[in-house]
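I opened my notebook to go through this chain from overall layout down to charged pairs. Here is what I looked up, in order.

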Amino acid sequence: MHRWQRITAAAAAVVAAAALGVALRDDDPGAQAMTLTAEQTPGAEHFSFTVRAAPVDGLVPGTDRRLVLTLDNPYDFDLLVTDLRAALVATSRAGCAPVPANLEVRHYTGTLPVRVDAGDSQEAGTVPLHMPNTVVDACQRATFTIALDAVASRATP
């Protein structure tokens, strides 16, 4: 039996180092894709994997969009991702607080667990986003930072 490995990460902890951020702007369709490198909990054997998402544009009051997640497995063994979560943690503009009244980051939608084959990538579902009509004017052209938390283990054959 393989020893289970828990891999967790929160984008908020690595935002500055990895230049993370989701451009949720209707005027910048060429914004950088978001990438998160997830690392195992300290004190255990080190593993990492990547959660990617393309930028979301055209998000204006009253609209819904989806952040499509892709998992990259750099290892020569399969990973089994058992949990994916997202939360709004920051914005780039003063006066635009990271609160649900400005952007709702909803629960992950997709099937879990997700098996990611060795050395492969796997689309892993979506995180629905909704910009309510209550969004403040200060959020125009803001970049919203979304923290991701992923839990995975070494898959058994």
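This is a predicted model: local features need pLDDT of at least 70, side-chain atom pairs count only at pLDDT 80 or more; totals for chains, interfaces and linings use all residues.

**Layout first**

I read the chain along its sequence and got the pattern β-α-β-β-β-β-β-β-β-β-β-β. That comes to 1 helix and 11 strands.

I checked burial next: 43% of the 157 residues are buried. The chain exposes about 8100 Å², with carbon and sulfur atoms supplying 50% of that. Then I looked at contacts with a separation of 6 or more, and 73% of them are between residues 24 or more positions apart.

**Asp83**

I found Asp83 in strand β7, residues 79-91. Is Asp83 buried or exposed? Its relative accessible area is 19%, and the cut-off for buried is under 20%, so I logged Asp83 as buried. Its salt-bridge partner is Arg85, at 2.7 Å from N to O. Arg85 itself is exposed, at 53% relative accessible area. Leaving aside neighbours within four places in sequence, I have Asp83 in contact with Leu112, Asp149, Ala150 and Val151.

**Salt bridges**

I counted 5 salt bridges. One of them pairs Arg106 with Asp64 at 3.8 Å. Arg106 lies in the loop between β8 and β9 and Asp64 in strand β6, so this pair ties together parts 42 residues apart in sequence. Both ends are partly exposed: Arg106 at 37%, Asp64 at 45%.

Glu104 also meets Arg106 in a salt bridge, at 2.6 Å. I have Glu104 as partly exposed, at 24%. Shared partners join Asp64, Glu104 and Arg106 into one network.

Note on methods. Residues are numbered from 1 along each chain as its sequence is written. Side-chain values use heavy atoms; hydrogens and water are left out. Helices (H or I, at least four residues) and strands (E, at least two) are DSSP runs, numbered from the N terminus. Buried means under 20% relative accessible area, exposed over 50%, partly exposed in between (1.4 Å probe, protein chains only). Contact means heavy atoms within 4.5 Å. Accessible areas come from the Shrake-Rupley method with a 1.4 Å probe; for residues, only the protein chains shown count as cover. A salt bridge is a side-chain nitrogen of Lys or Arg within 4 Å of a carboxyl oxygen of Asp or Glu.
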